[in-house]
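Here are some exercises to work through with the model open beside you. Try each task before you read its solution.

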Amino acid sequence: MKSLVDSKQYEKALKLFNEQSQISTDFTINMAIKACTKLHDYQQGVNIKEKLSPKTLNNPYIQTSLIHFYMQCHKVDHGYHLFSKIVNKSNPMYASMFKGLITNNMSEKVLDLFDEMIIEPDSVTLTVLFNACAQIANNRAMKIGKNLLHKMPTNYQNNNVLLNSAIDMLMKFRDIENAEHVFQSMKKKDIISYNVMIKGYATNEMSEKALNLFEQMHLNLDNVTYIIIFNLCAELANDRAKNIGKKLLVEMPNNYRNDNVILNSAVHMLTKFGDMEGAENIFRSIKKKTIINYGSMMKGYVANEMSEKALDLFEQIHINLDHVTYTIVFNACAQLANDRAKKIGKKLLDEMPNNYRDENIVLTSAIHMLMKFGNVENAENIFQSIKKKDIITYNSMIKGYVANEMSEKALDLFEQIHINLDHVTYTIVFNACAQLANDRAKKIGKKLLDEMPNNYRDENIVLTSAIHMLMKFGNVENAENIFQSIKKKDIITYNSMIKGYVANEMSEKALDLFEQIHINLDHVTYTIVFNACAQLVNEQAKQIGKKLLDEMPNNYRDENIVLASAIHMLMKFGDVKGAEDIFQSIKKKHIVAYGALLNGYNSNDDPSKCFKILTEMQDLDIIPNEIIWNILIGACSQIGMLLKGQYIVDQIPLHMQTKKQIQNSLIDMWGKCGSVKNAEDVYKSVSDRDAITYNAMINTFGRNGMGFEAIKLYREMPNNLRDEISHICILNACSHSGLLDQAQIIFNEIPIKTERIITIMIDCLSRLFVFDEAQKLIDDYEKTNAPYFVMYMALLSGARNNRNMTLSEKIYNRMKTLFPDQKQGLLSGSILLSNVYSSLGKYEQAKNLRYHEKKELGVKVKIGLSWTEVYGELVRFKAHDHSHPRSSEIYAEFDRLSSILIKYNYKFDSTWITRQMNEEETIESVLCGHSEKLAIGFNLIQKPIPEFIQITKNLRVCGDCHEFTKLIAKFYQRNIIVRDANRIHHFYPNGQCSCQDHF
């Protein structure tokens, strides 16, 4: 019997016992009970017990074995009942009860029973008590455990088993110092002692100490050591851990290379190192793979963002899955969220056995997956099916709502929670409130923050989310207070603050805080600081941004997001060449980097380059996303050429053209290209029109001189959709069509008149030379507000068109007094004033003003540029440009045209000459050198002359060019569209312009 039990042949032992029961003794009965215990064969154990004589039942060995039997079969009441009837209780009996209670997760009852114990615990009982205290690790357990250790007899101080339990207990109490003291007191430390100490260090997040101790060992390692060290190295995953872990793996004896548990830990470690090839080799070497091995490998793939490989491996599994496998595969599908992942994930969920449908961890992963798929309804169904929802389940649902931009639902669910929140809940709800940032969100977020328990006020992740939320609320001061309260600020905390400053357009503060950082930066820091510098674009920003870029470590020079921010920054600095160099340095270019480059070209008035980049993307099979298409549509809007617009639209996939943001961008693009009909067609196709849709269409009508149509649509627009932009667009439309009465009616109806709305009304009044009313609006505004530069520019622009020198001088001098730092704007103002002088023949005065102001202000005059597209070629001209190969033909054509048009009573208008002419120049040569005229001339020398001519200019068209173009349209019977900085002019074959000369 003993031989069979010792060799774990429990069924054979029981068979022998049953066959020879007539000659059984207390010893064989004890062996039989032990066999039943091991097999958890409760019925046979009870049958044996029922046949026992009173004498045998009083045998202490039998009693101890029966207690152990009941406890292991989870019949705790039976165990208690038997134990309570025993008069002379021994240490083995107590030890058996204690072990049984621990096994049944009733460690607190161990301490209750210990309090009743009237005999001194022996070494075995003490070992079990230490284990119980370690499992509980509360104040009571700490007090009892430490007291037992203090009173422990000296003869036990060489008992390694007992001392190992004491070390484990102290480590669980986080009493590292005393654990080290016990360890040091051990005369003959065995491998188990080292294992317990190393594991204790690891549990207490002292991994470096754990490795130090490991390197001091001079004993043969056992399987547990390998598992602990591999797990420890996986957790650290730094250079030292990688060296130790890989060396240990290489030198591991062959007898451990068939141990699945060890190899599983090795696979886990290598995946944590990112050494997927090494992990795959270990995995393949395992002869009999268990579901745990598969789980570890798949988990590694997911952690390394290789979920396609995780699914490949999953589809090779031909053994029963466990709950961990379901969790990992659901997470892999969530990470991918492509068609394959959706198919596998949904199939796995549908076929999942019922016994896993009560496992919260599995169902929480399923909810996460479905939320990632955007399948919110099915996620809600899973959530509702969970009988006992824990806080992790609630967190997963709330997080899913936030990820699907359904933060109102997230807050609804949060308000239904009636269990204790954890740190994750606070983090997620703060994020939900940040996403919404409405009155309800502000109320919930602030209340949650105020009532947050103190134990979460030291958690950086929670506080970082709170900072993010407050910054989104615009509550910068409270965000700063939270930031200052954090004792140990990490780089994530700094990032959150800097990002918040940038979002609140406080980039000066962002850079000030950045310069206070004395810890290592991460990739997010570089991204945010580059964005801050891009927002500021002053000397400080340029200095910090370029220095940061120059000193950026090599490991961040392959990160597309970081480099995309650097490209964006350099483009904002106007350093297009530097941005292009960064872009070319990227080995594997991501769509984000392409987006930054394209956006940069648009912001630097070089949108034509966008089309070359699109061709490059197509050659590399990089599929543009919605953001890229929007940028390309923006490039077409900037160029303003119908053919280019159509070229891009023809390439946008049809499913993408139904997205509202694309549709809104297309309305704006067609409007800026002068095709009101195309814009209307897109507008009509939008089923769920928002404020942007209406605003884009109203603006299209306004830019194209269709003021009445703009007013009609504005009146049709639902009141709840009208915003500041709507009011600006309609007033601008009235201004460009000379509809002053209608503009005043609309202006008076607007409930909240913002700075920009008042400015547009001033522009409308100034265009029609109603200066007194315009000035009154400025005066009324300044009674409660600081002066606004753009209002004065609108007034000055009207005075320039009126050639009112006295008023122009008065306005410009006032601007210099009020806005001495607005150097670029003041230069524009000085040009308008000098234009007034020139138009009145005061060329010397104009020349002196321009020279003096340019020198004093120290800024460059914006160069006039015009673009045209002829037979697929996009060409750009500067004023008096001679760089084009066909320049001589263009100027010759103008000489010919001039002589013809003069016969039709056309006279060059010298009042539009804004500088003193040189001796060799004539009025005709100066005015014919304007960039828009050169662009028209380029069209006229083509053979055949295009049926439709289109020009885009970056500045306002001058009066002479406007009159000249009307005559050209009539003479050649062509439709000509000229878009200037303010509006779009449609010149018709009848010699009229859509603006009715109101520009």
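Helices (H or I, at least four residues) and strands (E, at least two) are DSSP runs, numbered from the N terminus. This is a predicted model, in which local features need pLDDT of at least 70, side-chain atom pairs count only at pLDDT 80 or more, and totals for chains, interfaces and linings use all residues. Residues are numbered from 1 along each chain as its sequence is written, and side-chain values use heavy atoms, with hydrogens and water left out.

**Exercise 1.** Find how helices H46 and H47 pack, and list the residues that make their contact.

Solution. Start with the axes, which are lines fitted to C-alpha atoms, for helices over the stretch in contact; angles run from 0 to 180 degrees between N-to-C directions. H46 covers residues 707-716 and H47 residues 724-737; their axes lie 8 Å apart at an angle of about 155 degrees. Therefore H46 is roughly antiparallel to H47 (angles under 35 degrees count as roughly parallel, over 145 as roughly antiparallel, 65 to 115 as roughly perpendicular and the rest as oblique). Next, the hand: H46 and H47 cross in a left-handed way (the near helix is turned anticlockwise from the far one by less than a right angle; clockwise would be right-handed).

Now look for contacts, meaning heavy atoms within 4.5 Å. H46 brings Gly 707, Ala 710, Ile 711 and Tyr 714, while H47 brings Ser 726, His 727, Ile 730, Ala 733, Cys 734 and Ser 737. Sorted by class, the contact of H46 with H47 has six nonpolar, four polar and no charged residues (Ala, Val, Leu, Ile, Met, Phe, Trp, Tyr, Cys and Pro count as nonpolar, Asp, Glu, Lys and Arg as charged, and the others, Gly among them, as polar).

**Exercise 2.** Repeat the analysis for helices H52 and H53.

Solution. H52 (residues 805-818) and H53 (residues 823-839) have axes 10 Å apart and pack at about 165 degrees. H52 is therefore roughly antiparallel to H53. The crossing of H52 and H53 is left-handed. From H52 come Met 805, Ser 808, Glu 809, Tyr 812, Met 815 and Lys 816, and from H53 Leu 826, Gly 829, Ser 830, Leu 833, Val 836 and Tyr 837. In the contact of H52 with H53, seven residues are nonpolar, three polar and two charged.

**Exercise 3.** Is the ring pair of Tyr 226 and Phe 230 stacked, edge-to-face or tilted?

Solution. A pair of aromatic rings is described by the distance of the centres and the angle of the planes. Rings of Phe, Tyr and Trp (its six-membered ring) pair if their centres lie within 6.5 Å; planes under 30 degrees apart count as stacked, over 60 as edge-to-face and the rest as tilted. The count by this rule is 25 aromatic pairs. For Tyr 226 and Phe 230 the centres are 6.1 Å apart and the planes at 50 degrees, so the pair is tilted. Both residues sit in helix H16 (residues 223-236), four residues apart, about one turn of the helix. Tyr 226 is buried at 5% relative accessibility, and Phe 230 is buried at 0% (buried means under 20% relative accessible area, exposed over 50%, partly exposed in between, with a 1.4 Å probe and protein chains only).

**Exercise 4.** Describe the surroundings of Leu 82.

Solution. At 12% relative accessibility, Leu 82 is buried. Its contacts, leaving aside neighbours within four places in sequence, are Gln 63, Leu 66, Ile 67 and Tyr 70. Finally, Tyr 70 forms one aromatic cluster with Tyr 42 and Phe 69.
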